[in-house]
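Please read it with the sequence and the structure side by side.

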Amino acid sequence: MPGRFYVTTPIYYPNDRPHMGHAYTTVYADVLARYHRLIGDDTFFLTGTDEHGLKLQRAAEKEGISPKEFVDRMAKIYKEYWKILNISYDRFIRTTDPDHEEVVKYALNTLYKKGLVYKDVYAGWYCVSCERFYRASEYEVINGEPHCPIHKKPLEWVEEETYYFKLSEFKDFILDVLENKEVVYPRDYAREVLGRIRAEGLVDISMARPKDRVSWGIQLPFDPNFTVYVWFDALLNYVTGAGYLHDEEKFRRYWPSVHHVIGKDILWFHTVIWFSMLKALDIPLPKRLIVHAFITSRGLKMGKSAGNVVRIEDLIERYGGADGARYILMRYFSHLKDIDVSVETLDSAYNSELADTYGNLVRRVGVLAKKKLGGRVEGKADETLGKAAEEALKNYLKAMDSFDVSSAVTASMDLLREANAYMNATRPWERSDPNNELYSVLEAVRLATTMLYPVIPGKAEEVARALGFEIVNPLERGYGEWESYDVVSAPILFRKISK
Ligand code: ME8
């Protein structure tokens, strides 16, 4: 029975163009979406931009244009990057979209009517880059001044009237979810949040900003002098995107299968705050919250503030296009351990795996099929290679179903290595009739290409066209189940990077 799969990325702050870190999350979510479409699931993929708040207000001021003009320009840039990277989202949500603004107002009104909101003063240290307050136990003191632990920038002292959300009332609920429910993946992150709640408790949080300080935001529905705190606005994008309030049928269809993909920097918001908001709104929790670690460079989280970003265009240029870039991002995708990117490791995976193991095999089998058989290949599948293919597919499906994309890539490469070894052992170039051998290799190439399709969709389609097959659900057409091949050409897929 086909399932359903709804996947989201964080909605990014469009104060600047996306970099390798944003591509890391977005490509990963795209791979999950493409995989689920491939196996026949009814899939919906949401990404977008988080456009309100002080950070955007200031970015626009710096450019001397209105916030709306600024975010319009930046949302367009985001879409261009995702197009170049072949991101197959179904909706690009912007928090300035009218349906979203309606959802936010409706949701906050609901919290208000339920008595979960009250007015009081707030004083604290604020990081505009994070759009959040930091407590004394959390910030770093540099030269006697409080600094953001992530951005290392001085915090700003804020003292003002605000509205609080009664987060403290949800403590038992959150503890129960984190302790007993399989929502957070990997579970280590649930334990991390649990530890923090146990150590610090859960205090009520400010959910509004005075309009005279932060004007760029959605107006609080029950007090026109305030705008909604950007995180309360942003988190709700996930329900808006699924049709909440506007398309009940769509919401019923996709919400139960929602998978949020996030970086570990925004874990607290997506567990404690988001789960409490959902509970308060009587909306079921997400099926999974899939958390990943950071890409670091020179030991620091890659980001604009650290000044160590790798540009998406540089990745694309170095690795021969979007597919090469997507591959190296997924090859090292990691949930728990930060990955420090070095050109040497990335280059070596690209050269040895994409160019040699995959590219050379495609080229060799294509050339031989043309030369020895005029392109028409029909034969019997080799049993041993078939076993290896089955094993690889099994490992691949298991990895994909547990969100482990880098192991799925490894399983695909294992199959290609087996196919290379089979080719070298059977030497089809020396045979007068190499139909069986070439067919066996082509089947392995077809299956591995299908498995890699979610990661390298462009190149996978190119191989399918050149060798004469289609990318279809591998569960329906396993090894040896493609009848025959009409090889058209033998493309050179990836050019090696020389030192
Ligand atoms: O936090 N390594 O937006 P944001 C890995 N608007 N992932 C990285 C990364 C790195 N070095 N740098 C960025 C926000 N990311 C909010 C989200 S959601 C309701 C609101 C990725 O533009 C990672 O997914 O700061 C991280 O969680 C996200 O970008 C933060 O993007």
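Predicted model: local features only at pLDDT ≥ 70, side-chain atom pairs only at ≥ 80, totals over all residues.

The lining of the second largest cavity consists, by class, of nine nonpolar residues, with no polar and no charged residues among them.

- The volume of the second largest cavity is about 50 Å³.
- Its lining is made up of Met-20, Tyr-24, Ile-295, Ile-328, Leu-329, Tyr-332, Ile-339, Val-341 and Leu-346, and the elements that contribute two or more residues to this lining are H1 and helix H12, which spans 322–331.
- Ile-295, which belongs to this lining, is also listed among the residues closest to the ligand.

**The largest cavity**

- The structure contains two cavities of 30 Å³ or more, and the largest cavity holds about 60 Å³ of space.
- A set of 13 residues lines the largest cavity, and those closest to its centre are Gly-53, Leu-54, Arg-209, Val-214 and Val-230.
- By class, the lining of the largest cavity comprises seven nonpolar, four polar and two charged residues, whereas the lining of the second largest cavity has no polar and no charged residues.

**Polar contacts and cover of the ligand**

- An oxygen atom of the ligand, in turn, is found 2.9 Å from a polar backbone atom of Tyr-13.
- On its own the ligand has 680 Å² of accessible area, and the protein covers 95% of this area.

**The shell around the ligand**

- The ligand is surrounded by 25 residues, of which Ile-11, Thr-25, Asp-50, Asp-265 and Ile-295 are the closest.
- The elements that supply two or more residues to this shell are helix H1 (20–38), helix H7 (230–235) and helix H8 (237–241), and the largest share, four residues, comes from H1.
- Divided by class, the shell around the ligand has 14 nonpolar, eight polar and three charged residues.

Terms used:
Residues numbered from 1 in each chain as written. Heavy atoms only, no water. Near = heavy atom within 4 Å. Polar contact = N/O pair within 3.5 Å; in protein donor to acceptor, adjacent residues only side chain to side chain. Areas by Shrake-Rupley, 256 points an atom, 1.4 Å probe, with all protein chains shown as cover. Nonpolar A, V, L, I, M, F, W, Y, C, P; charged D, E, K, R; others polar. 1 Å grid on protein atoms, 1.4 Å probe; cavity = no way out; pocket = protein on both sides within 12 Å on 5 of 7 lines; lining within 4 Å. Points joined across faces, edges and corners; volume = space filled by probe spheres on them.
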